[in-house]
Amino acid sequence: VELEKLRGAIPREFDAKLQPKRFDESLTQVDSEAQKKQWKQSMIKFTRLLWSADWETSLLQVVRNEGGLHFFGKWLASNAPTDATQLEMWVYAQQVAAMAPEQQGPAAIQMCQQLMGSTPGSAEEAVAALQQMASQALSVLSRESFPRFVQSKACLPLVEQLIGSQAEELKKADDVIWSQYTVPPDCAGWIHSFASVARAMPACIVISDMAMPGNPMFFVNDEFCRVTGYERTEAQGRNCRFLQGPRTEPQSVAVIQDTLRRGVDCHVKITNYRKSGELFENLLTMRPVHDSNGVYRFCIGVQFEVTRDTNLKSRLAKLDKLIKLLPATLEVSSKAAVGLAHKREETEEETQTALTEKLTSALEGNTVGPDNQVLQDSDYFAENHKEMLQHIGVVPKDPETPPDGSEAASAAVVSTSAPPRPVAAAAGAPLADDLPPPKPPPPPPPDEMPGASCPALNHLASTMGVGAPSGKSWLSMFCDTVEQLPHAVAITDMQTPGLPVTFANSAMVALTGYAKDAIEGRNCRFLQGKKSEAAAVRAMVSAIRGTKMTTVKITNYRKDGKTFVNVLSLIPVKDSTGQYRYNVGILSDAKQQSSEKVELEKLR
């Protein structure tokens, strides 16, 4: 009875003026000097990414430069002394090659005697042997030591020296960026430099904006277009899930959802489809990128086509080195965050497992992370697959003209992010409205709507017999009200990727056993486990996407590991402009409800 009263009294809408959005587009504004500085710093970092496309050629260019030879030689002497002799051998060979023809032979013979302990039959043989040794030395260095050097901070001064004045002026890469995408000014240097470097790399690379509804790709490189068969204009503005099809493993999709919600790296094998309809195995890596204020801004995707040939091992080694150079953070000049900080939720196993092992595991169909799930076991996700296929391809080309009304935004969104605002907000929308909350979230600013009052919340308090709400914003008043209730309540901000809990009341702490700060900032799915019913999860996801109220029964787990049947009601709350702002979850133990009903019957 009490729960029914509560479900009926929760307000479905509030005056937008009572809860102004905390962030606006002006926070992304920076001056041109800040953009130039970011461009230069990014070019220095991303040039190393470019070198990874061909390690041996890049090494040759570096050691032919006097400064490069100095920096690399110094690093080798401290970190790889054995390989330092390989570099010395190459240097000697270059010195001999630079001599006059009549001097090369005797010098080459002498070098062969010193380095090989043998005397060639002729000067020509000595020169050829020395050249072969130099080539082998370069090959040895390019396999391990040079990539390690490039990945180290010791390489940065060298790159800065090599780039020189070329990095002083920001050069835009608008020709490879989605035409309808508004580049955030505070990230312009980073985005244009990354796009400039990644556009011609031999690996499939894309970037998605995590603050936009549906997380569309605003950059795809040439190799992505070659492998998938899609033109750049056909792929940009869409979530990469459009590559999925009937044989795409739903369990792999679940891994992608999980890792992106937690803001950690994803490595998973997934079956994708080319434009022609041809299938290909894709070893997908996704790297979340947070800015220096902790805001979840972008996600870089790297696709590695799995071809079962003799080159697979060496190609995988190159992928390993490439991923290690991908940025995980970007420096922004402003200390005023454009959104709320997002907490990365990396498990201990993920932290301690080497990248090579993660890639190998993914290639074999396993994942490193929660439950270490074997991906071949797809029964649990069978229905998820059907639901996934219903949404494939339903993405409007023009983000301001949804194809089928209110469902368009839902169809466009991959389930790794919050259900979106109306699709019209996607093109050039302020990038601050969908950003993740902190853990725990800060209280509303003291200058927000002083003396605010809300009749709907007063009605809620009166109906439930608790004190009138107090606060300076709608959310603070709502939190004050539900904190007084004996029923577990969680409030989720629907404008944030990952749907983390913004507020949990004391009753939820008592029900689950988790401390308040262990709940807030996390998606409620952490209460799920192996016994949680997939059908209930699907019903919840469908209701959240469709902005509908629902009540389900689902097996959840308390902190002590014990299960309980949770009668969970989800209630969407919009503001007066129609924006989907919050979702209110009311949790209750089914067993306790049954006991209360028995007692009530006795009284009757």
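In this predicted model, the largest share of the lining of the largest cavity comes from strand β6, which contributes 4 residues. That cavity holds about 270 Å³ of space, and it belongs to a set of 5 cavities of 30 Å³ or more that a search of the whole structure finds. Of the 24 residues that line the largest cavity, those closest to its centre are Asn 239, Cys 240, Arg 241, Ile 256 and Met 286. Sorted by class, the lining comprises 14 nonpolar, 9 polar and 1 charged residues.

Several elements of secondary structure take part in this lining, and at least two residues each are supplied by β2 (204–209), α13 (250–262), β4 (266–273), β5 (279–291) and β6 (296–305). Among these elements, β2 and β6 are also joined to one another, running antiparallel with 6 bridges between them; within that pairing, Val 206 has Gly 301 of β6 as its bridge partner. Strand β2 pairs as well with β3 (residues 217–220), again in the antiparallel sense, over 3 bridges, and here Ile 207 stands opposite Phe 219 of β3.

How many of the residues of β2 are buried? The strand is mostly covered, with 6 of its 6 residues buried. In a regular strand the side chains alternate between the two faces of the sheet.

Conventions: Residues numbered from 1 in each chain as written. Predicted model: local features only at pLDDT ≥ 70, side-chain atom pairs only at ≥ 80, totals over all residues. Heavy atoms only, no water. 1 Å grid on protein atoms, 1.4 Å probe; cavity = no way out; pocket = protein on both sides within 12 Å on 5 of 7 lines; lining within 4 Å. Points joined across faces, edges and corners; volume = space filled by probe spheres on them. Nonpolar A, V, L, I, M, F, W, Y, C, P; charged D, E, K, R; others polar. Buried < 20%, exposed > 50% of the residue type's maximum accessible area, 1.4 Å probe, protein only. Pairing = 2+ DSSP bridges.
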